Amino acid sequence: MRTIIFRTIAPYLAALMVLFSIFVLLRGHNEPGGGFIGGLIAASALAIFGIACGVASVRRAMVFHPMGVAGFGLFIGALAGILSFFTSQPFMTSQWLIFHIQDVEIALSTPLIFDIGVYLVVVGAIGSIALALEERESD
Amino acid sequence: MAGSSVSVDLTQAMVTAPVAAADWLIVAPSLITMLGGSLCLMLRKNTQLQPKLGIVFLVLLVLSSAGLLVHVLNHGVITMVMGGWLPPFGIAFTVDPLGATLTLVGSIVALCAGIYGVVTVDGTGRRYGFYPFLLLLMTGVCGAFLTGDVFNLYVWFEVLLISSYGMLILGNDRIQLDGAVKYGVLNLVGTNLFLIATGLLYGIFGTLNMADIAMKVSELGNPASGTIATVAALYFLAFAMKAAAFPVNFWLPASYHTPNIVISAVFAGLLTKVGVYALIRIFVLILPESLDYMADVIGLVAILTLLTGALGALAQSELRRLLGYLVIAGIGSMLAGVAIGSNLAISGAIFYAVHSIIVMTALYMAAGVMFYMGGSYDLRRLGGLYQRSAGFAGLFLVLAFAVSGLPPFSGFWPKVMLVEAAFGDGRAWLGAAILVSGFLTTLAMGRVWIYAFWRGGPEGTPDGTGVAVSGGGAAQLGGAAPWLPMFVLTALIVYFGLQPEWMMNLSIEGAGGVLEPRGYLQSVFGEQG
């Protein structure tokens, strides 16, 4: 699999896929997409990068251990639900912060934080499975 | 959505009344453990900090579930619907005395395991994530006890199962993987049946909210229709697998002796009881009519489970496998309560579940100490532990009496309730099976006592002489960590034995809450429900 073409293309492809996964993540509230599918795309980017350039370089590029990333995702996902405690609403009631920068409406919300949490959980969990499998293969 | 400015009447779809801060206790047990588990997961490499952090979160868990129980006892059944959507569309967490009691007992056991694990789980085990798994297991267990939605119950089952898979193979021994395959395959089949049954249930009623189903079942004309009978049978098989009832019990003694002893203790205490809890929820609360024609089947399964468990325990010489069979025998007693189905019987089953959670965990912990003292889990190679520590021998005797159902300890009262209910209901066979099983359990525990404690030394030691036994891990018993949890659990056993009124009233209230679910339905749908 480690042909020169693949090795040259893979970093760009992986970067593009991560970028696309973030796009899918952010459009997911009202349109197809969201944290889960975005996370899967990002995890496949990690897998491709790992096949081409070795697992060690993926781990270096990620800085944090994938399981730590998943843990962080779960943590902020849970925190996103708690914010409604302060407005006397049930757990996970969505809170919105909408403001305008010039003519663009920016809508920040707890579902977005939750979605980012899901994204990180999926990236971390699927990513660590993929990397572990690739590591075995190269032994 | 964008651009539309139609005004929507939110009171039709959303909960608009403000939620009191105390009602947040409903989600607190699951939420605290989820936050704690993810935090421990992030700090996985820091093996010094992990136990402290884990125990802090487990203490918070115990406090919050104690607060929840007090709140439920004072204010009746309480409900919180996720995201503010009105039931039955929002996912409801509905807490009645039954769920709150089991959550509290489960939390106490988990805290004890967290403290015990400081000694028995070494640095490698911590790095592989003992504390994150323990906390996330409790997320699943508490979620299962507190949820009011059938599909959500399935999700919490998955959460606790995935954590339990992780705990089961912690350490990566060959024998652990062998146990995990058996455990995993059977539980996968069980959860699939659960999912299929839930799909059928949704097909019939168009809702998965337990309170909503309970109301629609009573409106349905012919309760014994084929589809509902199928659903009931599927649920029974699925939960019987989880609870390790005969004939789908073989996975439990095949897997529970493989992991670290504290993990066995948590599993033995909690996992099978979640299956029994789900059985009570489904059969008594939402499909009560199906209990009429399922009762004989459940009763037969209960008798066979009682006898298999007790006879299996009598035949084993591996201490942990022996205890695994005792877990199964306990499940038989609880199933007997479900089969009878009267208020007294369900109360007995709930009390027995509480007793079994505490005593089985304590027994596995004691087995761990016996291993450290005597150097083996094999009864043939154990001996002379009475000389080694008379105090520990006394503690073990208390546990042995409790698990056999002898007075004055916690196992006695639920058995009295169950046997009385069985004879009062004309199911003498069931009552007799409970008594016979108790007798055989006494023999099995007496055997352990004679072999491990009473005789002078391991097999081959002449009568009347004593050999000083020394286990490999004697140094590990230095601190208070393994003793404190066992003392706490044993103290609870003695307390429930001597002062059973409190727990008895609690289980009667819990049984009343599922047998007469008016409070449950009102809590979800308001007064008119």
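In which loop of chain B is B:Pro247 found? B:Pro247 sits in the loop between H9 and H10 of chain B. Helices here are DSSP runs of H or I with at least four residues, strands are runs of E with at least two, and both are numbered from the N terminus. The structure is a predicted model, in which local features need pLDDT of at least 70, side-chain atom pairs count only at pLDDT 80 or more, and totals for chains, interfaces and linings use all residues. Residues are numbered from 1 along each chain as its sequence is written, while chains are lettered from A and ligands numbered from 1 in the order in which they are written.

A cis peptide bond joins B:Phe246 and B:Pro247, with omega about 0°. B:Ala244 is found in this loop too. Its phi is positive, about 60°, although B:Ala244 is not a glycine. B:Ala244 counts as buried because it has 28 C-beta neighbours inside 10 Å. The cut-off for buried is 20 or more other C-beta atoms within 10 Å of the residue's own; exposed means 12 or fewer, and partly exposed lies in between, with C-beta atoms placed from the backbone. B:Pro88 belongs to the loop between strand S1 (78–81) and strand S2 (92–95) of chain B.

Chain B as a whole comprises 21 helices and two strands. Its radius of gyration, taken over C-alpha atoms, is 23 Å; the globule rule gives 24 Å for 529 residues, so chain B is as compact as a globular protein of that length. That rule is 2.2 Å times the number of residues to the power 0.38. The C-alpha trace of chain B spans about 85 × 60 × 40 Å along its principal axes. Of the 529 residues, 59% count as buried. Contacts were assigned where C-beta atoms, placed from the backbone, lie within 7 Å. Among contacts in chain B with a separation of 6 or more, 80% are between residues 24 or more positions apart.

Helix H1 (residues 28–42) has 15 residues and should span 21 Å at 1.5 Å a residue; its end C-alpha atoms are 21 Å apart, which agrees. The expected span is 1.5 Å times one less than the number of residues. In H1(B), 14 of the 15 residues are buried, so the helix is largely enclosed by the rest of the structure. Buried residues of H7(B) include B:Gly179, B:Tyr183, B:Phe194 and B:Phe205. The buried residues of H7(B) pack against helix H6 (150–168), helix H8 (210–219), helix H9 (226–243) and helix H10 (251–255) of chain B. Just after H7(B), B:Gly206 takes a positive phi of about 70°.

Chain A has five helices and two strands. Their order along the sequence is α-α-α-α-β-β-α. The C-alpha atoms of chain A fill a box of roughly 55 × 35 × 25 Å, taken along the principal axes. Of its 139 residues, 40% count as buried. In chain A, residues 24 or more positions apart account for 70% of the contacts with a separation of 6 or more.

Helix H2 (residues 35–53) and helix H3 (residues 55–62) of chain A pack at about 135°, with axes 7 Å apart. Axes are lines fitted to C-alpha atoms, for helices over the stretch in contact, and angles run from 0 to 180 degrees between N-to-C directions. H2(A) and H3(A) are therefore oblique to each other. Angles under 35 degrees count as roughly parallel, over 145 as roughly antiparallel, 65 to 115 as roughly perpendicular, and the rest as oblique. From H2(A), A:Leu46, A:Phe49, A:Gly50 and A:Cys53 meet A:Val55, A:Ser57 and A:Val58 of H3(A). This contact has five nonpolar, two polar and no charged residues. Ala, Val, Leu, Ile, Met, Phe, Trp, Tyr, Cys and Pro count as nonpolar, Asp, Glu, Lys and Arg as charged, and the others, Gly among them, as polar.

The contact between the chains takes 17 residues from chain A and 19 residues from chain B. The chain A side divides into 10 nonpolar, seven polar and no charged residues. A:Phe75, in helix H4 (residues 66–82) of chain A, touches B:Leu35, B:Ser38 and B:Leu39. A:Phe75 is buried, with 21 other C-beta atoms within 10 Å.

Methods
Contact = placed C-beta atoms within 7 Å. Lists of a residue's contacts leave out its neighbours within four places in sequence.
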